[in-house]
Every structure is written in C-alpha cells, then in structure tokens.
Amino acid sequence: MGYDIRDSRPPYKFDEAAMSITLTICDDGELEEDITLPAKFEVCDVCDGKGTVVNPNIDRHGISPEEFAEDPDFEEDYFSGVYDQPCGWCGGRRVMPVPDPRSDEDRANLRRYNDRLSQLAQWEAEDRRARELGY
Ligand SMILES: [Zn+2]
C-alpha cells in the first residue's frame with residue numbers, strides 16, 4: 001500500500017467505535033479537507049506487536065556484546081524488561097489502526113492524501129536545501 005501512518009501523525013483521528021480513520025489533507029494550513037476511510041488493525045510495526053519498546057535512551061546507539069560482557073547485571077536487566085516502556089506508537093495495544101480502503105472513492109482519497117504528503121515532503125526538502133545554501 002506504500003502508506004506509513006507515522007507520516008500522518010498528528011493529523012489523523014481514529015474512531016474505534018466506527019473503525020474509521022480521518023485524515024486531514026492540509027494546504028499550508030489554509031485549506032483543509034478531512035477524508036474518512038475505513039480502518040483495520042495491524043500488528044504495530046514499531047514494537048513488533050510486543051506493546052513495549054526498550055527506552056530509546058538506553059539503546060539508541062545500539063548495544064555491543066562487549067558492553068554486556070563487561071556488565072552482566074546490565075545484560076540481565078536489559079533482557080528482563082527493566083528498560084521497557086509502553087510503545088509510544090500503539091500505546092501498548094500491540095496493534096495500530098491503518099486505513100483500509102474498500103471503495104474506489106476510498107482509494108482515490110488515500111492516493112490524494114499520499115500525493116499531498118510527498119509534495120509537502122518535497123517542499124520541505126527544497127526549503128532545507130535553500131537554507132543550507134544561505135538564501
Ligand atoms: Zn507498538
């Protein structure tokens with residue numbers, strides 16, 4: 001599907017009762033349009049469905065086998081889940097809602113939304129390049 005819901009945070013709303021996701025297509029904050037799509041749950045790919053992640057302050061840079069070898073207590077703590085925290089993405093629910101387009105209209109809306117996202121990303125990249133060049 002080529003859709004990464006992390007790109008859509010925060011402008012998306014999930015209604016669990018209706019199992020629908022509302023995405024906002026925004027145009028520099030001036031023109032906004034909400035599209036509502038059917039949703040389904042998928043295993044959270046941030047925590048791999050565990051519901052917890054290791055505190056990023058602990059293993060942000062990766063942990064080498066040498067570190068564990070030097071500090072067996074640390075290794076024990078690490079694997080016992082001492083440093084785990086609820087996954088910030090799924091909130092510990094192990095699953096996350098993703099759009100589940102069912103009609104042609106849904107698919108067209110989702111495509112429009114994704115196009116918009118890539119356009120915004122492109123503009124942002126161009127802005128950044130311009131700033132780096134000192135404009
Ligand atoms: Zn998660």
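Are Cys47 and Cys87 buried or exposed? Both residues are buried, where buried means under 20% relative accessible area, exposed over 50% and partly exposed in between, with a 1.4 Å probe and protein chains only. The model is predicted, so local features need pLDDT of at least 70, side-chain atom pairs count only at pLDDT 80 or more, and totals for chains, interfaces and linings use all residues. Residues are numbered from 1 along each chain as its sequence is written, and side-chain values use heavy atoms, with hydrogens and water left out.

Cys47 and Cys87 belong to a zinc site. The zinc ion has the protein donors Cys44 (SG), Cys47 (SG), Cys87 (SG) and Cys90 (SG), which lie 2.3 Å from it. Donors are N, O and S atoms within 2.8 Å of the metal (3.2 Å for Na, K and Ca); water is not among the atoms, so sites may look incomplete. The arrangement is tetrahedral because the four donor atoms subtend angles of 104 to 115° around the zinc ion. Four donors count as tetrahedral if all angles lie between 85 and 135 degrees. The donor residues follow the sequence spacing C-x2-C-x39-C-x2-C. Cys47 sits in the loop between β3 (31–43) and β4 (52–54), and Cys87 in the loop between β5 (84–86) and β6 (95–99), so the pair ties together parts that are 40 residues apart in sequence.

The protein has four helices and six strands. Helices (H or I, at least four residues) and strands (E, at least two) are DSSP runs, numbered from the N terminus. Their order from the N terminus is β-β-β-β-α-α-α-β-β-α. Of the contacts with a separation of 6 or more, 64% join residues 24 or more positions apart; contact means heavy atoms within 4.5 Å. Buried residues make up 27% of the 135 residues.

The structure holds five aromatic pairs. Rings of Phe, Tyr and Trp (its six-membered ring) pair if their centres lie within 6.5 Å; planes under 30 degrees apart count as stacked, over 60 as edge-to-face and the rest as tilted. Phe68 and Phe74 form a tilted pair, 5.5 Å centre to centre with 35° between the planes. Phe74 and Tyr78 are also tilted, at 6.2 Å and 55°. These two residues are four apart in helix α3 (residues 72–80), so about one helical turn separates Phe74 and Tyr78. Phe68 is buried at 11% relative accessible area, Phe74 at 16% and Tyr78 at 15%. Phe68, Phe74, Tyr78 and Tyr83 form one aromatic cluster.

Terms used. Tetrahedral: all angles 85-135°; square planar, octahedral: opposite > 155°, others 65-115°.
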